[in-house]
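Please consult the sequence and the structure shown below while reading.

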Amino acid sequence: MIRKILSTTLLLTALSAPLYADSRAGIDIPIFEDTLSNGLKVIVVPDTNVAVVSCRLYYFVGGMNEGPGTSGLSHMYEHMMFKGTKRLGTHDYEKEVPYLASIDSLDRLLRTARERGGEEGPAYKAYRSEIAALLDRQRQYIKKDEIWELYQVNGGTALNAWTSNNMTAYIVTLPKNKIELFYWIEADRMQNPVLREFHSEQDVVTEERRMRYDNRPVNRYWERLNAAFYAAHPFRQPVIGWASEIRGFTTDKLMRHINQFYTPDNAVLVLVGNIDPKKAMGDVEKYFGGIPRAAVLPDPVVTREPPAIGETRFTVREDIEPRVDVMFQVPGYPHDDLYALDVIEGVLSDRSGRLYKRLVDKEQLCTGAGATNAFRVHNGYFHIYASLKKGSDPVRVEKIILEEIDKLTKEIPAEREITRVSNGIRMAFASGLKSLEGISDHIAAYERLGSWKIMFEYPEKIAAVDKNSIPGVAAAYLKPELATWGFIVPKTAEAKGKK
């Protein structure tokens with residue numbers, strides 16, 4: 001989610017000249033854009049004040065492109081991308097091929113054994129043992145962590161990858177004279193992936209899920225609350241995947257996912273730093289230009305969340321910090337009301353916002369409180385949250401949240417509040433563009449929404465929000481009777497109903 005954009009204007013020109021953000025706003029960003037014939041979009045932001053380049057390859061695939069039986073595939077491939085290719089991660093790929101083929105054959109038998117007898121069945125355990133034995137022999141040809149080491153020995157920093165609901169990113173910051181290494185590695189990974197060490201990495205992802213969600217009550221709670229909020233849209237699925245579906249991954253299933261989504265026509269390459277745009281375009285064409293488009297276009301996500309028809313309440317009893325959350329349906333991007341909802345978020349949030357001042361400062365019931373308006377490509381959400389002090393009554397906190405919502409629907413905000421929100425937008429945007437990585441992520445996020453150019457429309461849209469419209473927008477979306485409520489309360493506390 002990207003928001004809080006400083007007032008700028010956009011001047012469009014040909015590739016031979018950059019596309020500039022307005023320097024009157026205190027920001028001067030030259031942006032060059034081109035698209036290869038295979039559909040790969042390339043965006044370059046030169047900055048000669050640094051000696052490095054932030055290199056990021058974004059694929060427009062994530063949790064929303066998965067469904068029952070496939071949740072977590074994009075995150076799984078994030079792991080597998082570092083296992084190498086036919087040239088990387090191997091001492092001799094041709095000698096690996098027989099092992100890979102045998103493991104793939106056993107993988108199909110393993111799937112059948114899981115369906116019939118589960119993972120505790122003797123057949124499943126036997127196939128897993130055979131796969132492990134083959135992998136042990138295959139490892140004599142595997143160069144472990146070669147991609148990481150290549151980047152690091154060539155001065156690479158910030159090497160990472162991440163997966164979200166709607167995109168996946170592979171990132172590294174390199175010295176300006178080492179950029180071709182990025183093109184070579186990422187073009188090879190795009191064209192020649194090899195799913196080596198698949199089953200051992202499946203175990204790694206399973207353990208990651210256990211540590212981050214199954215063994216962390218607050219994350220487990222949020223995962224289930226999100227699934228309760230979204231009844232239909234694949235946003236309801238955790239990006240890391242449900243545990244049973246991670247265990248059910250197969251090499252066939254993952255390769256189908258790769259062939260559909262990890263192609264040049266479903267990606268954008270963003271380069272920010274000390275780089276010549278013209279040379280960059282030529283080099284990108286050299287390394288990526290011969291990679292074909294997807295043979296079959298990715299299936300579009302056609303599911304949209306149906307309108308809420310009632311209130312949902314979800315309570316978890318855990319001896320951790322208690323909290324109250326409430327979520328409301330809001331439109332996906334684009335929709336003009338999203339900008340008014342961002343202003344409402346600002347009115348409620350931060351230490352000077354209404355929720356913090358009421359729940360933390362005045363009533364002293366909470367340690368924190370605020371709101372988030374989530375811009376999403378499809379159905380978004382407006383989220384109000386409060387972290388409770390030990391012994392605070394969640395029913396009382398809920399009542400105050402409802403009072404503040406009711407006030408929003410009936411009273412026009414003061415001019416001073418609107419000014420505070422606008423200033424916060426400017427400061428947040430300026431801060432986000434102070435780093436090479438921040439510029440890159442802003443560009444990619446808006447490109448995912450439709451075009452990076454629209455991020456320069458954001459400040460004008462915010463400035464155009466009429467404070468007189470706030471009560472109507474709040475009343476249209478922040479409807480308690482259609483909300484999804486979540487509560488974490490101590491195990492020893494008695495369940496309390498809504499007053």
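Which element gives the largest share of the lining of the largest pocket? In this predicted model, that share comes from α15, with five residues.

## The largest pocket

The volume of the largest pocket is about 840 Å³. Its lining comprises 34 residues, and T163, S164, N165, V239 and R376 are those that lie nearest the centre. Two or more lining residues are given by each of the helices α1 (73-80), α6 (198-214), α7 (217-229) and α15 (436-449), and by each of the strands β6 (157-163), β11 (366-374) and β12 (380-388).

By class, 17 residues of this lining are nonpolar, nine are polar and eight are charged.

## Helix α1

Helix α1 is among the elements that give two or more residues to the lining of the largest pocket, and is itself mostly covered, with eight of its eight residues buried. The buried residues are L73, S74, H75, M76, Y77, E78, H79 and M80.

In soluble globular proteins, nonpolar side chains tend to be buried together. Here the largest nonpolar core has 83 residues, and I344, L359, F382 and I384 have the most contacts inside it. Helix α11 (residues 337-348) gives the most to this core, contributing eight residues.

Which residues surround L359, leaving aside those up to four places away in sequence? L359 touches Q364, L365, C366, A369, A386, V397, I400 and I401. Apart from this core lies another, of 49 residues, including L57, Y170, A187 and I246.

Is L134 buried or exposed? The relative accessibility of L134 is 12%, and because the cut-off for a buried residue is under 20%, L134 counts as buried. This residue lies in helix α3, which spans residues 122-138.

Beyond residues up to four places away in sequence, L134 touches Y99, S102, I103 and L106. L388, by contrast, is 254 residues from L134 in sequence, and the C-alpha to C-alpha distance between the two is 53 Å.

Definitions and conventions
Residues numbered from 1 in each chain as written. Predicted model: local features only at pLDDT ≥ 70, side-chain atom pairs only at ≥ 80, totals over all residues. Heavy atoms only, no water. Helix = DSSP H or I, 4+ residues; strand = E, 2+ residues; numbered from the N terminus. Buried < 20%, exposed > 50% of the residue type's maximum accessible area, 1.4 Å probe, protein only. Contact = heavy atoms within 4.5 Å. Core = buried A, V, L, I, M, F, W, Y, C linked by side-chain atoms within 4.5 Å. 1 Å grid on protein atoms, 1.4 Å probe; cavity = no way out; pocket = protein on both sides within 12 Å on 5 of 7 lines; lining within 4 Å. Points joined across faces, edges and corners; volume = space filled by probe spheres on them. Nonpolar A, V, L, I, M, F, W, Y, C, P; charged D, E, K, R; others polar.
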